[in-house]
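Subject: Structure handover

Hello,

Here is the structure I said I would pass on. Please open it alongside this email, and my notes follow below.

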Amino acid sequence: MNPRHPQQSDTAVLRWPRSGTWTSKDNMPFGIRFQAVEYSNKQSIRENNPDRAGGTYAKIVLPLPKNENVNNEIGYSEGKTETGGLFDPSSAGMGQLFSTGLGITTLFKDITGMSAFAGQRPMDKRDQIFKGANFRTHSYSWKLIPKNAEDGELISKIVTKFQNFAYPMVSTNQQASRVIHPPIWHIRALNFMGDREDTNAMRIWDMEPLPSVLTSVKITTAGAAGDAAYAVGNKGKQYPAATELTVNYVELEPAINSGNGYLQSRSQIKGNARRGGD
């Protein structure tokens, strides 16, 4: 147990469909794993590999959604560069420098108004200059339909995990004045080969989300046809006939092009950390 808060580490995997019903022989052998680990502001443990990132509070495996949304937005602003002046080191700039007597002719025309009379204006030296990369966002949605009470119970545990770990946690010794930062989530697409999880060939599917935080969880439950509120299970254990789940994540840090064909976070670059799965 972490001394800062009462949440026990939980390495049990909640897998939908249930374990034993999902193998490479089924119609959907691809999955996606969500692993919530203890938050840290230390770059040395902010790697993409969750097994090196501290205590695990939730590990959930769901079918890979048919559609995944990854949003990349890069910010730019207008600004002037140093090119295009009187002493421009480009070939055209150097040629003009000598043809105008080291710029004296141009200066004379500007002072006397001859440049303006000829309709000449200074060269537009604006550029779009990098301002910063927005934090990448990732969105996933499912419709989970149980076949029996056991399925209904599993779905209930899954959506509850997502909901609860979107929020900060109580601090054990300072519950009246402090909360613990919500967990960091590690997300990775999986290729199921029997009971083995393989991430090596799956990067094209998920665009390799970097360590992220869970920003929204939308849960919509529905009964069966008609006006029934609950339709699966028996007395004492009744579950929704369908549960729609949407989770949205934003990456904890801005992404940086590593130059090796993949993105890394600022902490990974500074700490010379490896990317996830390596």
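A residue is called buried when its relative accessible area is under 20%. At 9% relative accessibility, Trp142 therefore counts as buried. Phe34 is buried as well, with a relative accessible area of 0%. Please keep in mind that this is a predicted model.

Overall picture

The chain has six helices and 17 strands. Of its 278 residues, 37% are buried. The chain exposes about 16600 Å², and carbon and sulfur atoms supply 52% of that area. If you take the contacts between residues at least 6 apart in sequence, 75% of them join residues at least 24 apart.

Aromatic pairs

There are ten aromatic pairs in the structure. One of them joins Phe34 and Trp142: the ring centres are 5.7 Å apart and the planes meet at 85°, so this pair is edge-to-face. Phe34 belongs to strand E2 (residues 30–37) and Trp142 to strand E7 (residues 137–144), so the pair ties together parts that are 108 residues apart in sequence.

Another pair is formed by Tyr57 and Phe165, and this one is stacked, with 6.1 Å from centre to centre and 5° between the planes. Tyr57 is in strand E3 (residues 56–63), while Phe165 is in the loop between helix H4 (149–164) and strand E8 (169–170), so here too the parts tied together are 108 residues apart in sequence. Both Tyr57 and Phe165 are buried.

Ring pairs also link Phe34, Tyr140, Trp142, Phe162, Trp185 and Tyr249 into a cluster.

Nonpolar cores

The largest nonpolar core has 28 residues. Those with the most contacts inside this core are Phe34, Leu62, Trp142, Ile158, Phe162, Trp185 and Tyr249. Which elements give two or more residues to the core? They are E2, E3, E7, H4, strand E10 (184–193) and strand E15 (242–251). H4 gives the most, with five residues.

Leaving aside its neighbours within four places in sequence, Ile158 is in contact with Leu14, Trp16, Ile60, Leu62 and Leu245.

Backbone

Most residues other than glycine have a negative phi, and most peptide bonds are trans. Two places in the chain are worth checking against that.

Where is there a cis peptide bond? The bond from Trp16 to Pro17 is cis, with omega near -5°. Pro17 lies in the loop between strand E1 (13–15) and E2.

The other place is Glu208, a residue other than glycine whose phi is positive, near 50°. Glu208 is in the loop between helix H5 (203–206) and strand E12 (212–222). Is this residue, Glu208, buried or exposed? Its relative accessible area is 10%, so Glu208 is buried.

Surface

On the surface, Ile74, Tyr76 and Phe130 form a nonpolar patch, with about 340 Å² of accessible area together. Ile74 lies in strand E5 (residues 74–80). With a relative accessible area of 49%, Ile74 is partly exposed.

Regards

Conventions:
Residues numbered from 1 in each chain as written. Predicted model: local features only at pLDDT ≥ 70, side-chain atom pairs only at ≥ 80, totals over all residues. Heavy atoms only, no water. Phe/Tyr/Trp six-rings, centres within 6.5 Å; stacked < 30°, edge-to-face > 60°. Helix = DSSP H or I, 4+ residues; strand = E, 2+ residues; numbered from the N terminus. Buried < 20%, exposed > 50% of the residue type's maximum accessible area, 1.4 Å probe, protein only. Patch = residues over 30% accessible without salt bridge, like charges linked within 9 Å, V, L, I, M, F, W, Y side chains within 5 Å. Areas by Shrake-Rupley, 256 points an atom, 1.4 Å probe, with all protein chains shown as cover. Salt bridge = Lys/Arg side-chain N within 4 Å of Asp/Glu carboxyl O. Core = buried A, V, L, I, M, F, W, Y, C linked by side-chain atoms within 4.5 Å. Contact = heavy atoms within 4.5 Å.
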